[in-house]
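Okay, thanks for coming, everyone.

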Amino acid sequence: MLFQVGGQGTRPTFFEMAAAQQLPASLRAALTYSIGVLALRRPILHKVLDYEDEFFGLLMLVLETHSLRTTDASFAESLYGLRRRTAKIRTKQADIRSKTSDGIQHSSLEKRQRVLSVVFLVVLPYLKSKLHSIYNKEREARLQASLWGPGDERFEDVDYFVEGEASIASRTSTEAEATIRTRLAKNIQKIIGLCYPWLHATTEGLTFTYQLLYLLDATGFYSVGLHALGIHVCRATGQELMDTSSRISKIRSRERERLRGPPWVKAVQGALLKCAYVVLDYAQTGLIAAVFIFKMMEWWYQSAEERMSAPTVYPPPPPPPPSKVAKDGIPLPPDRTICPLCSQKRVNPSVVTVSGFVFCYACIHKYVSQYKRCPVTLMPADIDQIRRLFHDM
């Protein structure tokens, strides 16, 4: 079976759609890494990292809204030269000549589709991220409770005995409200902890199914959201790419004409609107550059880290020389399975770490406790230097 991998036709390849879908995640990773580095010198930026989902959701809301208004595509799709079109199946025979290769007519997006596209691109990923964080907290809490037991009651009892009766009476209503809120929050977390794995498995399964069908040319919709909205993603024509800047200028001129009020008010509003457009253009360009710089740094450091962390194979070191038997020490028996102290078959073999010779545990423990040395080499030894052997040769 042959798959479409070239750049011909209006239908994007699977790899183009996958790259456009993964771009927001790369953008978020780039921003998080950059803010984390800056937070080392500006600790106030840690608050941005604490509300990472909210800040990134707000940023993507602005970018996606602006991109859908000006280019009829998401922020990531516009970078890859893709456009969103309304898919309407034609039923008249007269329209057969103007059909595309997939038998579907494409038209520009409606206002409702733009709004719902923002919901699928920004709102739903934000909610999924929050549910994922709540699920992780609930899972960690359950793991901690299974290991250490519930700790809330213990701390509440300590506070109860430390506080005086008067302070407890004055804080009864506040603690009751806090207890109700805490129980409600815990119940919500438990519900999310039970439902989120099924929800996550369902969404991931649907996403995989649509991507597989798209790869096999069995459907023209890359995701569930596009199918629900009735939107096809197509390649932009050369004329559309050339007319993008003129379209943006027309949209901005129409917005300036809608300004109302006295002349000086219009001038101020126009200046502010122009500054907002300049900031938005620079921000969009900066984010695009940040993504590519981050991916280059990720590739660079990943390759360097792999080289540094690659295991180096060295030849095994030679074994240490055997310990010498002292002149006044106990001689070793010819049979290695015999204990030098009791001259019997070793029972519970144990080794003295300072010399490496093996004895019966009872024999060597008694000897070392009394003489504080190895009986063969006469090297100083202690009871802590006796090790039990579970496999005797």
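Let's start with Arg28, which is partly exposed at a relative accessible area of 22%. Before I go on: this is a predicted model, so keep that in mind throughout.

Who does Arg28 pair with? Arg28 makes a salt bridge with Glu52, and the closest N and O atoms there are 3.1 Å apart. Glu52 sits in helix H3 and Arg28 in helix H1, so this pair ties together parts that are 24 residues apart in sequence. Glu52 is partly exposed as well, with a relative accessible area of 26%.

On to another pair. Asp72 and Arg114 meet through their side chains in a salt bridge, 2.8 Å from N to O. Here we're linking distant parts of the chain: Asp72 is in the loop between H3 and helix H4 (75-79), Arg114 is in helix H5, and the two are 42 residues apart. Is Asp72 buried or exposed? Asp72 is buried, and its relative accessible area is 2%. Arg114, on the other hand, counts as partly exposed, at 22% relative accessibility. While we're on charges, salt bridges with shared partners also join Arg28, Glu52 and Asp53 into one network.

How many salt bridges turn up in the whole structure? The search finds 8. One more that I want to show you is Glu16 with Arg235, where the closest N and O atoms are 3.1 Å apart. Arg235 is buried, at a relative accessible area of 14%, while Glu16 counts as partly exposed at 23%.

Now have a look at Glu54. This residue belongs to helix H3 (residues 52-71), and at 31% relative accessibility Glu54 counts as partly exposed. What does Glu54 touch, once we leave aside neighbours within four places in sequence? Tyr126 and Lys130 are the contacts. With Tyr126 there's a polar contact, side chain to side chain, at 3.0 Å. As for Lys130, its C-alpha atom is 9.6 Å from that of Glu54, with the two residues 76 apart along the chain.

Next, something greasy on the outside. Phe120, Val123, Leu124 and Leu127 make up a nonpolar surface patch, and together they have about 310 Å² of accessible area. Take Leu124 as an example: you'll find Leu124 in helix H5 (residues 111-148), partly exposed with a relative accessible area of 39%.

Last stop, the strands. In strand E4 (residues 349-352), Pro349 and Val351 point one way, Ser350 and Val352 point the other way, and all of them are buried. What does E4 pair with? One partner is strand E5 (residues 358-360), running antiparallel and joined to E4 by 3 bridges. Within that pairing, Pro349 has Cys360 as its bridge partner. E4 and E5 form a hairpin with 5 residues between them, and Gly356 in the turn has a positive phi of about 95°. E4 also pairs with strand E6 (residues 386-388), again antiparallel and over 3 bridges. There, Ser350 is opposite Arg388.

That's my tour, so over to you for questions.

Conventions: Residues are numbered from 1 along each chain as its sequence is written. This is a predicted model: local features need pLDDT of at least 70, side-chain atom pairs count only at pLDDT 80 or more; totals for chains, interfaces and linings use all residues. Side-chain values use heavy atoms; hydrogens and water are left out. Patches are made of residues with over 30% relative accessible area and no salt bridge: like charges are joined within 9 Å, nonpolar side chains (Val, Leu, Ile, Met, Phe, Trp, Tyr) within 5 Å. Accessible areas come from the Shrake-Rupley method with a 1.4 Å probe; for residues, only the protein chains shown count as cover. A salt bridge is a side-chain nitrogen of Lys or Arg within 4 Å of a carboxyl oxygen of Asp or Glu. Helices (H or I, at least four residues) and strands (E, at least two) are DSSP runs, numbered from the N terminus. Buried means under 20% relative accessible area, exposed over 50%, partly exposed in between (1.4 Å probe, protein chains only). Contact means heavy atoms within 4.5 Å. A polar contact is a pair of N or O atoms within 3.5 Å; within protein, one must be able to donate a hydrogen and the other to accept it, and residues adjacent in sequence count only if both atoms are side-chain atoms. Two strands pair if DSSP finds at least two bridges between them.
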